[in-house]
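Visitor: Please show me the structure, and then tell me on what grounds its features get their names.

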Amino acid sequence: MEPGEIHALLGENGAGKSTLMNVLYGLYQPDEGEILVDGEPLKLRGPSDAIAAGIGMVHQHFMLVPVFTVTENIMLGAEQVRGGIAGFLDRRRARREVAEVSQRYNLRVDPDAMIEDLPVGIQQRVEIVKALTRDVDLLILDEPTAVLTPQETEDLLTVMRSLKAAGKSIVFITHKLGEVKAIADRITVIRRGRTVGTASPQASRDELAALMVGRTVRLTVDKTPATPGEPVLEVAGLVVDDDRQVRAVDGVDLTVRAGEVLGIAGVQGNGQTELIEAIMGLRPLLAGTVTLDGQRIDGWSTKKVLRAGVGYVPEDRSVDGLVKEFSVAENLVLDIYDRPPFGRGLSIRPDAIARSAKERIEQFDVRTSSAQAPVGTLSGGNQQKVIVARELSRPLKLFIAAQPTRGVDVGSIEFIHSRIIRERDVGTAVLVVSSELDEVIGLADRIAVMYRGQIIGIVGPDTPREEIGLLMAGITPDSTGDAPATTDGVASGPEGPGSKDEKA
Amino acid sequence: MAVPDVAVAAVDEGYWTRTRKVGLVLLALGLLATVLFGALATGEQARFTLSENAAGAALEVNGTVGAILFGLITLAAGAVMLARLPKRWFIPVLAVGLVAFVLSFLCWQVSAAPDGQNFMPLVNIVRGTFLLALPLIFGSLAGVLCERSGVVNVAIEGQLLMGAFSGALFGSISGSVWVGLVAAAIGGSFISLLLAVFSIKYLVDQVVMGIVLNLLALGITGFLYERLMQTNAERYNSAPRFSNWEIPLLSDIPVLGPALFRGNIFLYLALVLVLVIHIALFRTRWGLRTRSVGEHPTAADTLGVKVLGLRYRNVIMAGAIAGIGGASYTLALFSFTKNMIGGKGFIALAALIFGRWSPTGALLAALFFGFADQLATYLGAINSVIPGQFLAMLPYLATILAVAGLVGRVRAPAADGKPYIKG
């Protein structure tokens, strides 16, 4: 690393980027090898050593205490105190320092705001300020853009440029090629824990992707135009609370037709999870109706919803999608273990389960040592394939996939995407929720953008990214403000069959 | 591009907000007080004396009039809540309504008491309230320290019991109250140390561990009580007692003076500890770190806070405090008996939750439970028409109502009960 350099660390999920950086930050101890700072070998026994050596880190999952104020979070661990051993907090001095640093680097934060009340973009800014008040020279940003809207990402890139101008070095960990090309001075690509090459930002996206995955990949989803049929899923006036009894879904109307993919875009935490869980009968509805093929299914148990022909890929596979300790074969029949040919009366039939597992493993290219291996030992991509295989093994009317490729390697992403499109082409209605905008754009025939529990707009897949990004930030073209108003697309409704859906 | 700041969306609860529901309950209580208590009260005077006996200055009211009057106040508080009430007025109005209900009840009870006994000595009531609340205050402070740093402390009962036992044992052997006090603190922290090691190091489920420790403390003290104390009470169970210290000037305040400032060291210690811990928790470095460890240990760790070390320290400190709380029995009031804490540790746990994990909140909750306890004692003494069994139930009934009904939605520290595993 050079001073004032932005060094991108590029690699697939699970390639070892975050582990490497956690070692650098002293959270993990290296088994072998050493770290050199200014030519001196550095031994890090913990994060405090790293901070002392001038290394700061912004973690992928923010390290902020939600019920503390911005100032409290920033002072934690390096508190300004007075009163000797009693150690009374000197909040005034801490606030002044926060204000000073945020002004110097043009990172506006309110020192007295509660973290839990702040949007993620601002929380991230707090993280950066936190590192800067500790006088770091090297800042590690671990997947900083994963939770941001495109606009917030732009803001972040601006901040990174100004930090660079101030002589700070930045390690930028990501798997998003566009951002790397936009900002990095140097790129190191990591695959399976090894450096496989360095590249300059002038390298093309395809070159970088090939380096990352180890072979050429297609970055777009091949598909023919959709031929939508009758409405299959109709959601009207849906209102749902989250676990804290806070309104999460606030009057959503949606229609998904047979043979089309409706994508729900939006920054995470805008009610997508609760919407899907309500449709699946996993969460009580406070108001509204859910209709499947003309039949009201709200109030049904999840089992009944599944039996009615709904396939469901939950967003967190390790919690909701799989029983990790169970074998691959058992996980493949979790939905129908009690039905023939797998179950008869009170007993289940292991041979039938094993036979069907073998078939599915082949069909869905699940890489596992055996059908009897615990599913938890598989890689993320292969676990996801097990879920997809299970859900697509029933005759479906509706297929719901939430974050279908989160934490999944590029090869598996390709495969899962093609399966989703294949399902669409046989006439199933498909609902895809993803916080990856590229994934939604690639898969969907229509895109619904969710913001604060509402569908803020429904647009066609050809809508410019920027416009969808604005919607994700809650800015609609008709409520101009400082947003560049693009009048086509949203206001007039998407071209083609979805146009009856006006935005909610 | 400026992203509009996200404000927290207001939650629309519909017509039946929490305030309205509570208002409805108050309305029902008020009606009960006005009609039932008013009818049952006699025309005798109900006297609330400022001294310890029937003589002296007193507040007096005709029983029937008082019961109806205070019942109407409760009714009014309920009605105000049913109509619209600004949020900041919720707690004061609720307090007025409940206090009036209790007063209405007392007017009935006191006026209906047998002749010569129809007075209520306020000094005794206040003093008794504090006395009965003492172990609860110490216990819930121990809970605050543990749970604020992320360790669930169900073992308060065991810590109190161990403290009471070792205070009695070593106080008797040495003949010194101070040795007894130190021994009590060590006894309590011994139980705490076990809790810390098993829940922090060996990641045993903290609730299960707490219950096991309660049983362990009960077993050890019970066994040693039978083997040592019963056979040779003279030597092993006759600890010296702290005498009452009168604080000049303050002890001359009417009612509060004799009740609060002629107490023993434990009373003063409890009040000071509440204050010190409250200030320390919210205003010092130690407090900030403790709370961060209880809310988001990973964040604390990445900033160089020693999560496990801090948890160990706080849990052991909590044990010492609870141990001293146990000694407030054996080094001031009674000699040790088997299972003498008798569930107070669990009430302390309730006080902790009722007090929303804050030291001053825990103090108020403990006093509330202490008052219920004291009231039951008093009503028994004046031969109340309410059967003694129901009176004995009063503190626990108050606990259930308080924790379930009045607390509303409280948030425990986010990492409470979750072991921290590095990496």
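This is a predicted model: local features need pLDDT of at least 70, side-chain atom pairs count only at pLDDT 80 or more; totals for chains, interfaces and linings use all residues.

Visitor: What makes helix 17 of chain A largely enclosed?

Guide: A residue is buried if 20 or more other C-beta atoms, placed from the backbone, lie within 10 Å of its own, exposed if 12 or fewer, and partly exposed in between. Helices (H or I, at least four residues) and strands (E, at least two) are DSSP runs numbered from the N terminus. Helix 17 spans residues 465–472 of chain A, and six of its eight residues are buried, so it is largely enclosed by the rest of the structure. The buried ones are A:E467, A:I468, A:G469, A:L470, A:L471 and A:M472. Their cover includes helix 6, strand 13 (261–265), helix 16 (437–443), strand 21 (446–451) and strand 22 (454–459) of chain A. After helix 17 of chain A comes A:G474, with a positive phi near 90°.

Visitor: Why is A:E143 called partly exposed?

Guide: A:E143 has 18 other C-beta atoms within 10 Å, and is therefore partly exposed. A:E143 sits in the loop between strand 7 (138–142) and helix 6 of chain A. Its phi is positive, about 45°, although A:E143 is not a glycine.

Visitor: And what makes A:D293 partly exposed?

Guide: A:D293 has 16 C-beta neighbours inside 10 Å, so it counts as partly exposed. The phi of A:D293 is also positive, near 50°, and this residue is not a glycine. A:D293 lies in the loop between strand 14 (287–292) and strand 15 (295–296) of chain A.

Visitor: What makes a set of residues a nonpolar core?

Guide: The term covers buried Ala, Val, Leu, Ile, Met, Phe, Trp, Tyr and Cys residues joined through C-beta atoms within 7 Å. The largest such core has 151 residues, of which A:I55, A:I140, A:L398, A:I400, A:V432 and A:V449 touch the most other members. Helix 5 (residues 120–133) of chain A contributes most to this core, with six residues. A second, separate core of 115 residues includes B:L106, B:A133, B:A376 and B:L379.

Visitor: Why are helix 6 and helix 7 of chain B called roughly antiparallel?

Guide: Axes are lines fitted to C-alpha atoms, for helices over the stretch in contact, and angles run from 0 to 180 degrees between N-to-C directions. Angles under 35 degrees count as roughly parallel, over 145 as roughly antiparallel, 65 to 115 as roughly perpendicular and the rest as oblique. Helix 6 (residues 177–201) and helix 7 (residues 206–229) of chain B pack at about 150°, with their axes 10 Å apart. Helix 6 of chain B and helix 7 of chain B are therefore roughly antiparallel.

Visitor: What makes helix 4 and helix 10 of chain B roughly parallel?

Guide: Helix 4 (residues 122–148) and helix 10 (residues 265–283) of chain B pack at an angle of about 25°, with their axes 10 Å apart. That makes helix 4 of chain B roughly parallel to helix 10 of chain B.

Visitor: How do you know which residues of the two chains are in contact?

Guide: Two residues are in contact if their C-beta atoms, placed from the backbone, lie within 7 Å. By this rule 33 residues of chain A are in contact with 27 residues of chain B. Helix 6 of chain A supplies the largest share of chain A's side, four residues.

Visitor: Is B:R47 buried or partly exposed?

Guide: B:R47 has 17 other C-beta atoms within 10 Å, so it is partly exposed. This residue is in strand 1 (residues 45–49) of chain B. Leaving out residues up to four places away in sequence, B:R47 touches B:A58, B:E60, B:N118 and B:F119.

How values were computed. Residues are numbered from 1 along each chain as its sequence is written. Chains are lettered from A and ligands numbered from 1 in the order in which they are written.
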